Amino acid sequence: IIIGELTNVISKYGDTAVRSISKSISESDGAEVAKKIGKQYRADLVIWGWYGVTESDVMLTVHIESLNTSAASEIPNSSYTLLNPIEEIKSFEFQQKLSDQMTSLTLFTGGILRFEAGDYVGALSRLVLAEDLYIWPEEIGGKEILYSYLGHTYSHLHQHENAFEAYSLTISANPNNAEGYLNRCYTLMSLSKFEEAFKDCNKATEIEPLIEGAYIARAHLHW
């Protein structure tokens, strides 16, 4: 179900393909072997893992190896573990959840790659799907990174109201995200909401006094 769902969604994008390999990657092989295989296939993302079974539970460990430096820097954790009762592993609900997580992550990675290439329309289509239709794997890091890229993409497309909403979700996901406040500050400036922008700028420097760009933004607001 995981490969099928991924292929079904990703097939809509001509520049992306999903490939299942016959070689297994064991825990002892580790990340380096996974990355080596990924490079052979010129992959941007390698998803692999293993599972262990007890009498009552199954422990499934999922590893995500991003071979693209932009995407890799945005994913805080490269692996996570799911512990489920053994009877749930074969259930459609569990398989669908795992499939949704992998699809969301793959779309997110594709969105970053399109963003870095300057294709903001292509980036947006992937990021919106990753956020709206699929389950984000919270175990690898907060959803704030997804909201943040949505905000950046909307900003480049001059959709400032949507950018404001995305950056607000970034802040809701992590109230201590100084970058979220600074990005929303710039968005509010674009919307000519200068008083609110000044408050966000001050909040950014309160959280992170040396944050780059905040003092420049504040100088523009004083001007």
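Me: Does Lys143 count as buried or exposed, at 16% relative accessibility?
Reply: This is a predicted model, and the answer is read from its accessible areas. A residue is buried when its relative accessible area is under 20%. Lys143 has 16% relative accessibility, so Lys143 counts as buried.

Me: Which residue forms a salt bridge with Lys143?
Reply: The closest N and O atoms of this pair are 3.8 Å apart. A salt bridge needs a side-chain nitrogen of Lys or Arg within 4 Å of a carboxyl oxygen of Asp or Glu. The partner of Lys143 is Glu131.

Me: Where do Lys143 and Glu131 lie in the chain?
Reply: The pair links distant parts of the chain, 12 residues apart. Lys143 sits in the loop between α6 (120–132) and α7 (144–156). Glu131 sits in helix α6.

Me: How many salt bridges does a search of the whole structure find?
Reply: One of them joins the side chains of Arg114 and Asp119, at 3.1 Å from N to O. Another joins Asp200 and Arg184, at 2.6 Å. The search of the whole structure finds four.

Me: Are Arg114 and Asp119 buried, partly exposed or exposed?
Reply: Arg114 has 23% relative accessibility. Asp119 has a relative accessible area of 27%. Both values fall in that range, so Arg114 and Asp119 are partly exposed.

Me: Which helices does the pair Asp200 and Arg184 link?
Reply: The side chains of Asp200 and Arg184 meet in a salt bridge. Asp200 is buried, and so is Arg184. The two residues are 16 residues apart, with Asp200 in α10 (residues 194–207) and Arg184 in α9. The linked helices are α10 and α9.

Me: How many of the 13 residues of α9 are buried?
Reply: Helix α9 is mostly covered. Its buried residues include Tyr181, Leu182, Cys185 and Met189. Arg184 is also among them.

Me: Why should helix α9 span 18 Å, and how far apart are its end C-alpha atoms?
Reply: Helix α9 covers residues 178–190, which is 13 residues. The expected span is 1.5 Å times one less than the number of residues, so α9 should span 18 Å. The end C-alpha atoms agree with this, at 19 Å apart.

Me: Which residue has a side-chain oxygen that reaches the backbone nitrogen of Glu179?
Reply: The contact is at the start of α9. The oxygen comes to within 3.1 Å of that nitrogen. The residue is Asn177.

Me: Which residue just after α9 takes a positive phi?
Reply: Look just past the helix. The phi there is about 60°. The residue is Ser192.

Me: What is the bridge partner of Gly52 in β2?
Reply: β1 (residues 45–53) and β2 (residues 57–66) pair in the antiparallel sense over nine bridges. They form a hairpin with three residues between them. The partner of Gly52 is Met59.

Me: Which residues make the nonpolar surface patch of about 310 Å²?
Reply: One member lies in strand β1: Val53. Val53 is partly exposed, with a relative accessible area of 49%. The patch is made by Tyr51, Val53 and Ile86.

Me: How many helices and strands does the protein have?
Reply: From the N terminus, the elements run α-α-β-β-α-β-α-α-α-α-α-α-α-α. The count is 11 helices and three strands.

Conventions:
Residues numbered from 1 in each chain as written. Predicted model: local features only at pLDDT ≥ 70, side-chain atom pairs only at ≥ 80, totals over all residues. Heavy atoms only, no water. Helix = DSSP H or I, 4+ residues; strand = E, 2+ residues; numbered from the N terminus. Buried < 20%, exposed > 50% of the residue type's maximum accessible area, 1.4 Å probe, protein only. Polar contact = N/O pair within 3.5 Å; in protein donor to acceptor, adjacent residues only side chain to side chain. Patch = residues over 30% accessible without salt bridge, like charges linked within 9 Å, V, L, I, M, F, W, Y side chains within 5 Å. Areas by Shrake-Rupley, 256 points an atom, 1.4 Å probe, with all protein chains shown as cover. Pairing = 2+ DSSP bridges.
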